[in-house]
Amino acid sequence: MFRQFSWSLFTATFLLVGCASHADDEEMYVTASALTKVSSALEASVYFDTPPEGLQDRELLEFATKHDPSLLEPFDNFILKANYVDRHGVVLVCDELGRKALMKDLGCTAKLDKPYWDSTEVVPCRINPPSTVNCPVTE
């Protein structure tokens, strides 16, 4: 009886953990897709507009998405860091406590640049210094 109960408990735990991590990955891929839209908006904003000097993080993203504020809605439970250098934007999505980075994107490419959420390394939640080495040089 105890053996059967243990086996059932093990199976239930395995299925619960397996489904939970799959759901997390699925959520992260949805968030990554939303991030590429926000980073593209930031890229266009810093390339074609002139953001007020010193603007960064959530305020910079609000400036970049003022044409469609709903772009930021998927990030209500995350900390967002944003900055720009050489007319290219960088957006970092961190966990809700701001302890670790989950993903980073430069708006100059069509795909997500750095998915950190499944990494064993804890990446700090900061853009320091802003780097857009994967973006083409602007003149």
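A contact is taken here to mean heavy atoms within 4.5 Å. Among contacts between residues at least 6 apart in sequence, 53% join residues at least 24 apart in this protein. The model is predicted, so local features need pLDDT of at least 70 and side-chain atom pairs count only at pLDDT 80 or more, while totals for chains, interfaces and linings use all residues. Residues are numbered from 1 along each chain as its sequence is written, and side-chain values use heavy atoms, with hydrogens and water left out.

The protein holds two helices and four strands, where helices (H or I, at least four residues) and strands (E, at least two) are DSSP runs numbered from the N terminus. Along the sequence their pattern reads α-α-β-β-β-β. Of the 139 residues, 36% are buried; buried means under 20% relative accessible area, exposed over 50%, and partly exposed in between (1.4 Å probe, protein chains only). The protein exposes about 9100 Å², with carbon and sulfur atoms supplying 56% of that area, as computed by the Shrake-Rupley method with a 1.4 Å probe; for residues, only the protein chains shown count as cover.

Helix α2 (residues 57-64) has Leu60, Leu61, Phe63 and Ala64 as buried residues. These residues lie on the same side of α2, because they cover an arc of only 155° around the axis. The arc is that of the directions from the helix axis to the C-beta atoms.

Turning to the strands, β3 (residues 101-106) has five of its six residues buried, so β3 is largely enclosed by the rest of the structure. Strands count as paired if DSSP finds at least two bridges between them. Five bridges link β3 to strand β2 (residues 88-94) in the antiparallel sense, and Val93 stands opposite Met103 of β3. Six residues separate the strands of this β2 and β3 hairpin, in which Gly98 has a positive phi near 70°. Strand β3 also runs antiparallel to β4 (residues 114-115), joined by two bridges, with Lys104 opposite Lys114 of β4.

Most residues other than glycine have a negative phi. Asp86, in the loop between β1 (79-85) and β2, has a positive phi near 50°. Arg87 lies in the loop between β1 and β2 and takes a positive phi of about 60° although it is not a glycine. Asp86 counts as exposed because its relative accessibility is 57%, whereas Arg87, at a relative accessible area of 34%, is partly exposed.
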